[in-house]
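Here is a short briefing to read alongside your structure.

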Amino acid sequence: MPHIYQQDYSLTPTSGEALPVLDLTACGFVNTEDERQFNTGDYVAVYFSKGNGTVSFGSKSHQLSAGDAIICRPHEVKRTTVSEPSEYYWFSFRGREATDMLSALKLTSKEKYFVGHDNELTAYMDKAIDEWNKNETAS
């Protein structure tokens with residue numbers, strides 16, 4: 001069963017501003033065969049830690065394997081399809097500086113990026129989702 005946590009959470013809250021610098025709006029971990037569609041005004045980052053699947057957005061489809069990540073732009077219908085047991089993380093985010101941050105990191109090409117399998121990265125993502133879950137339970 002996929003774990004999905006959805007709640008607005010500002011990573012850098014600022015008082016009196018309409019949109020935070022970076023706002024994590026939802027996140028999840030999927031460890032089963034799955035098809036999921038995201039249709040939001042947010043960026044969506046997908047990272048495969050095990051197995052493989054397809055991420056489609058706009059007119060493009062990308063085959064991702066363990067260690068691959070992709071960032072989908074806002075207002076594009078995004079679909080992940082996994083037909084074999086796999087594991088992937090996803091995070092949706094927005095913010096007044098999100099586009100500038102991605103540009104500075106050279107993450108705007110609409111192509112997949114090989115990140116590699118890094119236990120520290122997956123541990124950090126697991127911790128982020130656990131914290132998200134705690135915040136959701138406390139609400």
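Predicted model: local features only at pLDDT ≥ 70, side-chain atom pairs only at ≥ 80, totals over all residues.

Numbering runs from 1 along each chain as its sequence is written, and side-chain values use heavy atoms, with hydrogens and water left out.

**Nonpolar cores**

- A nonpolar core here is a set of buried Ala, Val, Leu, Ile, Met, Phe, Trp, Tyr and Cys residues joined through side-chain atoms within 4.5 Å, where buried means under 20% relative accessible area with a 1.4 Å probe, protein chains only.
- The largest such core has 14 residues, and V46, F48, V55, I70, Y88 and W90 have the most contacts inside it.
- At least two residues of this core come from each of strand 2 (23-30), strand 4 (43-50), strand 5 (52-57), strand 7 (68-72) and strand 9 (87-94); strands are DSSP runs (E, at least two residues), numbered from the N terminus.
- Strand 4 gives the largest share, 3 residues.
- A second, separate core of 10 residues includes C27, F29, Y47 and I129.

**Largest pocket**

- The largest pocket has a volume of about 920 Å³, counted as the space filled by probe spheres set on the grid points.
- A pocket is an open set of points on a 1 Å grid where a 1.4 Å probe fits, with protein on both sides within 12 Å along at least five of seven lines, and lining residues have an atom within 4 Å of a point.
- Of its 28 lining residues, A45, F91, L121, Y124 and M125 are the closest to the centre.
- Helix 2 (119-138) supplies the largest share of the lining, 8 residues; helices are DSSP runs (H or I) of at least four residues.
- The lining divides into 25 nonpolar, 1 polar and 2 charged residues, with Ala, Val, Leu, Ile, Met, Phe, Trp, Tyr, Cys and Pro counted as nonpolar, Asp, Glu, Lys and Arg as charged, and the others, Gly among them, as polar.

Conventions:
Buried < 20%, exposed > 50% of the residue type's maximum accessible area, 1.4 Å probe, protein only.
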